[in-house]
Each structure stands twice: as C-alpha cells, then as structure tokens.
Amino acid sequence: KEPERREHLWDIAQYMWEGYRKIGFNIGHTETPVIPVIIGDNLKTFLFWKALYKDGVYTNPVVSPAVPEKSALLRTSYMATHTYDQMDTVLDRFEYHGKKLEII
C-alpha cells in the first residue's frame with residue numbers, strides 16, 4: 001500500500017551497488033538490496049567483519065563451506081527506512097577498513 005517505499009528501496013540498492021563498485025569492491029552481479037561484498041579470504045573476511053562491527057556497521061560474514069573456497073564475503077542488506085547519511089557512513093567505513101586490511 002506504500003509503493004514509494006519499494007521505489008526508495010531500489011534507489012537505495014542502486015546507490016549502494018554504485019558506491020561499493022566506485023570504492024573498488026567486488027559485489028558480483030547482484031540485483032537485489034541484499035549485496036554481497038566478496039573478500040575471498042576467510043580470515044580477512046572475519047577481520048573485516050569485526051572492524052565494521054566495532055564501528056557500528058552490522059554485516060553477516062559468510063565463509064566456506066557456505067560458499068566455495070576463496071569466495072568468502074560480507075552480506076549486507078538494506079531497508080527502505082535507511083537514510084543516505086547511514087549509507088554514506090557504511091560506505092565510508094567499508095572504504096576505510098577495506099584499505100587498512102588491503103582488501104581494496
């Protein structure tokens with residue numbers, strides 16, 4: 001009954017797809033508001049997850065055997081109620097820690 005929320009969610013998804021790619025992350029060929037950020041290495045994925053968590057950014061680490069070896073990732077997901085300020089904070093923290101851990 002609120003189609004504007006659905007539309008806004010797709011705007012958010014596109015904003016994040018473009019943001020992650022611009023920073024240099026591999027997000028595969030996702031087409032949903034559930035966006036995988038592919039890290040590859042299991043240990044780096046957990047280190048990245050922990051650093052983001054300490055900064056207040058919640059993601060789900062997914063490592064082998066849940067995904068093929070060397071395909072470990074952080075699963076991120078978005079809702080229509082997220083703000084652009086929140087998304088910018090997420091992108092900022094991903095970029096900071098991605099560079100620090102030499103992922104990007």
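Trp-49 is partly exposed, with a relative accessible area of 26%, where buried means under 20% relative accessible area, exposed over 50% and partly exposed in between, computed with a 1.4 Å probe on protein chains only. Tyr-53 is likewise partly exposed, at 49%. The model is a predicted one, in which local features need pLDDT of at least 70 and side-chain atom pairs count only at pLDDT 80 or more, whereas totals for chains, interfaces and linings use all residues. Residues are numbered from 1 along each chain as its sequence is written, and side-chain values use heavy atoms, with hydrogens and water left out.

**Aromatic pairs**

The structure holds 8 aromatic pairs, a pair being rings of Phe, Tyr and Trp (its six-membered ring) whose centres lie within 6.5 Å, with planes under 30 degrees apart counted as stacked, over 60 as edge-to-face and the rest as tilted. One of them joins Tyr-15 and Tyr-84, an edge-to-face pair with 4.9 Å centre to centre and 80° between the planes. That pair links distant parts of the chain, since Tyr-15 lies in helix H1 and Tyr-84 in helix H3 (residues 84–100), 69 residues apart; helices (H or I, at least four residues) and strands (E, at least two) are DSSP runs, numbered from the N terminus. The rings of Trp-49 and Tyr-53 have centres 5.7 Å apart and planes at 25°, so this pair is stacked. Trp-49 and Tyr-53 are separated by about one helical turn, because they are 4 residues apart in helix H2 (residues 42–54). The relative accessibilities of the residues in these two pairs are set out below.

| Residue | Relative accessibility | Class |
|---|---|---|
| Tyr-15 | 29% | partly exposed |
| Tyr-84 | 34% | partly exposed |
| Trp-49 | 26% | partly exposed |
| Tyr-53 | 49% | partly exposed |

Ring pairs also link Tyr-20, Phe-25, Phe-48 and Phe-94 into a cluster.

Leaving aside neighbours within four places in sequence, Tyr-20 is in contact (heavy atoms within 4.5 Å) with residues including Phe-25, Ile-35, Val-37, Thr-76, Val-90 and Phe-94.

**The sheet**

Strands of a sheet pair through backbone hydrogen bonds, either parallel or antiparallel. Here an open sheet of 3 strands has the order E1-E3-E2, with antiparallel pairing, and two strands count as paired if DSSP finds at least two bridges between them. E1 and strand E2 (60–62) stand at the edges, each with a single partner strand, so one side of each is left without a neighbour in the sheet. Neighbouring strands are turned by 25° against each other on average, direction ignored; axes are lines fitted to C-alpha atoms, for helices over the stretch in contact, and angles run from 0 to 180 degrees between N-to-C directions. E1 is joined to E3 by 6 bridges, and Gly-40 stands opposite Ala-72 in E3. E2 and strand E3 (residues 72–77) pair over 3 bridges, with Pro-61 opposite Leu-74 and Val-62 having Leu-73 as its bridge partner. H2 packs on this sheet and touches E1, E2 and E3, its direction making about 30° with that of E3.

**The loop between H1 and E1**

Asn-26 is found in the loop between helix H1 (3–23) and strand E1 (34–40), and Thr-30 has its place in that loop as well. At 42% relative accessibility Asn-26 counts as partly exposed, whereas Thr-30, at 14%, counts as buried. The side chain of Asn-26 reaches the backbone nitrogen of Gly-28 at 2.8 Å, a polar contact being a pair of N or O atoms within 3.5 Å, where within protein one must be able to donate a hydrogen and the other to accept it, and residues adjacent in sequence count only if both atoms are side-chain atoms. The side chain of Thr-30 reaches the backbone nitrogen of Thr-32 at 3.5 Å and the backbone oxygen of Val-34 at 3.2 Å. Not counting residues up to four places away in sequence, Thr-30 touches Trp-17, Ile-35 and Pro-36, while Asn-26 is in contact with Pro-36, Val-37 and Ile-38.
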